[in-house]
Amino acid sequence: MQGQTISADIHNISVLAERAKHGDREAFMTITNMYQKNIFQLAYSFFQNREDALDIVQDTFLRVYKKLHHYEKDRSFKNWILQIAKNLCIDRYRKNHKKHDQKSIGGTEIEEIHLTDEKGTERNSNTDIKRIVSKCLKELPERQRMIFVMKHYNDLKYKDIAETLGIAVGTVKSLNFKAVNKMRNLMNPYLGRQL
Amino acid sequence: MNDCKNIKKDLVAYIYNDIDEKKKSLIQKHLRSCPECRREVEELKEVLLCADTLKKDIEETVESEDWEALPSRIANHVFAQTKNHLKENKFKRFLNSIFTVKLAPVYAALLAGIVIGGVVTFMLLQSGKSPEGTSPTRFMVSKEFIETMDVEMARRETLDYLEQSKYLLLDFVQTPPEKAAQYWRSDFVEAKTSELLSKKKYMNQQLDKYHMAKAKAICDQIEMLLRELARMSRDLTPAEGARIQELIEQRQLLLKINIIKKEIQQSEV
């Protein structure tokens, strides 16, 4: 792959985008190689599911290829590509996951884990915390959830998240605070025993 | 208290250290004097620490993928998809070029022409008239009309047959018996007899079809007589000739022919 594709450090992304737009497979593969991990990481942290994440990666690059002529050169290519991925994640989430999430996730399940602790089984295990975090994440409204995973698991700056979502930086901060705060409320019964 | 409310929404940004220096110093200053906000920060940190437990899983899953093979696989999928997409677009562009707004008046005029033409044709067909100044190239006739024509043709054929037979027999009747054989052997009479006999074959069907029973009966008699005379013509003796002449008169064949002819003429269409 290294031999086939061109190093992003050498070539400007605009040039690659221009070449890919005209059907240059090599340029397109270079772009894919540059951003595939970012998209996968975003989608995987959002869905917590590998198949969903891989589908999002493929669909994102398909859409990128079709929309390359809409790309504005003065804009961050990474943010543009992440915006496409984010839109696909939200679409997929609304289509397939919302009902499922509502059925399987709720306070009762978190409570069940808490009750297990009371009985004196293995307490504070890492696996339990992961399960709680995962479930709490899925409890968040889609926009808060997206912002939280962008910030916490993808290490994006608020400025970049704001550009990707097309909203003000202040709104992003506020929504992320709400997300963390909601997670705290959901996790409080469990955290209370740990503190 | 107001300070607490103002800085609260920035506390998560402060924990992430994704905040400008000015705000950061303000928060730090506030936290030194506000135990409640300090506790809030600790709780939020605790949540983020718990959230960190998923990070390792995410990193491991990311690293487990075959990232070298994926771009090629994606490119195959994308180029195959877009090839179909391009084909569809080409077809759409073709349709768009046909149904462009610029050509809308042309299509409107064509449509109007088709509608008006259709209405005019319909009205002309309804009224049964052809457009003025033009001569019709096709006739539309009803089945009844064709049948009437056929009946009329059959009548005329029968009349013609009876007329010719009458003159042939009349000449025979007026011929002296000793010249009877000579009469039937003459070329003209032989040809006429042959013509009438073959005509009768064709007429049989028509006479049956249009229920011309009387005409058929007389025509049958004439046919039998002519066939017999044609057969006997070479050996016809004067006595036989006289006998046949007598029979024609006795049976009033010529009179019957005239009566039938008249009946047919009266019922002529």
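Q: What should I know before reading any values?
A: This is a predicted model, where local features need pLDDT of at least 70, side-chain atom pairs count only at pLDDT 80 or more, and totals for chains, interfaces and linings use all residues. Residues are numbered from 1 along each chain as its sequence is written, chains are lettered from A and ligands numbered from 1 in the order in which they are written, and side-chain values use heavy atoms, with hydrogens and water left out.

Q: How many residues of chain A are in contact with chain B?
A: Contact means heavy atoms within 4.5 Å. Here 47 residues of chain A touch 40 residues of chain B.

Q: And what is the area buried between chain A and chain B?
A: Buried area is the accessible area (1.4 Å probe) that two parts lose on being put together, summed over both. For this pair that's about 4300 Å², with carbon and sulfur atoms giving 70%. His152(A), Phe177(A) and Arg184(A) supply 15% of what chain A buries against chain B, more than any other three residues.

Q: How many salt bridges are found across the interface?
A: The rule wants a side-chain nitrogen of Lys or Arg within 4 Å of a carboxyl oxygen of Asp or Glu. It finds six between chain A and chain B. In one salt bridge, Lys130(A) meets Asp57(B) at 3.4 Å, N to O.
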